[in-house]
Amino acid sequence: MRSHVVGSVLLVAILAGCSAGESSNPSALPELVEVAGPARELMQAGEYLLDGRLVASDTVMYAPAPTLKAMKYQVSQYEYDQCVRAERCKAADAVGRGQAKNMPVVGVSWQDGQDYAAWLSERTGKTFRLPQYLEWSYFADQKVPESAQGGLDENEQAALWLQEYQESYKRKQEQEVPLAPLGQGVANAYGVFDAGGQVAEWTNTCHVRVHRISMPRAESRLENCGVRTLGGEHIAVMPDFIRDPKTGACSVGVPPRYLGLRLVTDD
């Protein structure tokens with residue numbers, strides 16, 4: 001009888017150990033960098049109209065929470081494939097599907113990002129999520145474009161915006177290249193690679209359209225959380241189910257080339 005009880009206790013202990021290992025595996029953590037620093041002026045995400053004319057987005061002084069950490073690299077094909085094999089994520093589109101550890105996964109939607117974050121959180125014991133756009137803009141080391149700076153009248157702002165759009169389009173046409181490996185160039189000031197490059201990254205920020213009229217002064221705001229903001233070479237917005245940016249919509253400039261993922265954690 002005693003041996004039967006001991007054997008049962010050992011079996012329970014073994015099963016408990018296996019269960020704990022499956023639900024929390026710190027060795028599966030991606031490389032993270034701490035994101036901290038003083039407040040900087042950043043552009044708000046959203047579409048802003050004044051008397052029916054598109055104008056530059058508002059800016060805000062912003063500093064992230066001192067506990068914020070971001071993935072050093074975008075989610076790789078190999079990392080995402082582990083979630084697919086666990087039957088917690090849908091396979092990426094063919095353009096970005098694979099098992100390469102040095103290539104970013106692309107051809108994924110905002111919802112895919114939610115699924116991957118939930119799976120990685122359970123696997124590592126940390127709470128991972130997609131960043132808010134201001135968080136992304138901060139650790140991506142984005143700068144406020146000239147067209148959004150003060151001291152310009154509406155016509156001057158519109159002319160600068162058009163010039164920046166044309167230059168951005170020209171650069172994109174000249175730089176149409178195949179998907180590049182992770183870790184291109186050098187890390188930015190926050191230790192992050194590839195932010196603002198050819199792969200736009202999903203954020204959790206909902207699309208906002210702000211209508212302002214000057215006479216009489218009034219403002220209306222419409223938030224649409226079926227459309228999410230992406231961080232990349234420029235601010236872009238896409239419906240949350242889109243995986244191929246050419247079939248979606250973009251608020252500024254031409255559509256991004258690829259859609260990918262980078263997660264953050266506050267743990």
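Me: How many aromatic pairs does the count come to?
Reply: A pair of aromatic rings is described by the distance of the centres and the angle of the planes. In this predicted model, the count comes to six aromatic pairs. One of them joins tyrosine 116 and tryptophan 119, a tilted pair with 5.7 Å centre to centre and 40° between the planes.

Me: Where do tyrosine 116 and tryptophan 119 lie?
Reply: Both belong to helix α3, three residues apart, or about one turn of the helix. Tyrosine 116 is buried because its relative accessible area, 3%, is under 20%. Tryptophan 119, at 8%, is buried as well.

Me: Which parts does the pair of tyrosine 138 and tyrosine 190 tie together?
Reply: This pair is also tilted, at 5.1 Å centre to centre and 45° between the planes. Tyrosine 138 is in helix α4, whereas tyrosine 190 is in the loop between α5 and β8, so the pair connects parts 52 residues apart in sequence. Ring pairs link Tyr62, Tyr138 and Tyr190 into a cluster, and arginine 40 lies over the face of tyrosine 138, 4.6 Å from the ring centre.

Me: Which residues have the most contacts inside the largest nonpolar core?
Reply: In soluble globular proteins, nonpolar side chains tend to be buried together. Here the largest nonpolar core has 24 residues, and those with the most contacts inside it include Tyr116, Trp202 and Leu263. Helix α3 gives the most to this core, with five residues. Beyond its neighbours within four places in sequence, leucine 263 is in contact with several residues, among them Tyr116, Ala117 and Leu120.

Definitions and conventions
Residues are numbered from 1 along each chain as its sequence is written. This is a predicted model: local features need pLDDT of at least 70, side-chain atom pairs count only at pLDDT 80 or more; totals for chains, interfaces and linings use all residues. Side-chain values use heavy atoms; hydrogens and water are left out. A nonpolar core is a set of buried Ala, Val, Leu, Ile, Met, Phe, Trp, Tyr and Cys residues joined through side-chain atoms within 4.5 Å. Buried means under 20% relative accessible area, exposed over 50%, partly exposed in between (1.4 Å probe, protein chains only). Helices (H or I, at least four residues) and strands (E, at least two) are DSSP runs, numbered from the N terminus. Contact means heavy atoms within 4.5 Å. Rings of Phe, Tyr and Trp (its six-membered ring) pair if their centres lie within 6.5 Å; planes under 30 degrees apart count as stacked, over 60 as edge-to-face and the rest as tilted. A charge sits over a ring if NZ of Lys or CZ of Arg is within 6 Å of the ring centre and within 35 degrees of the ring normal.
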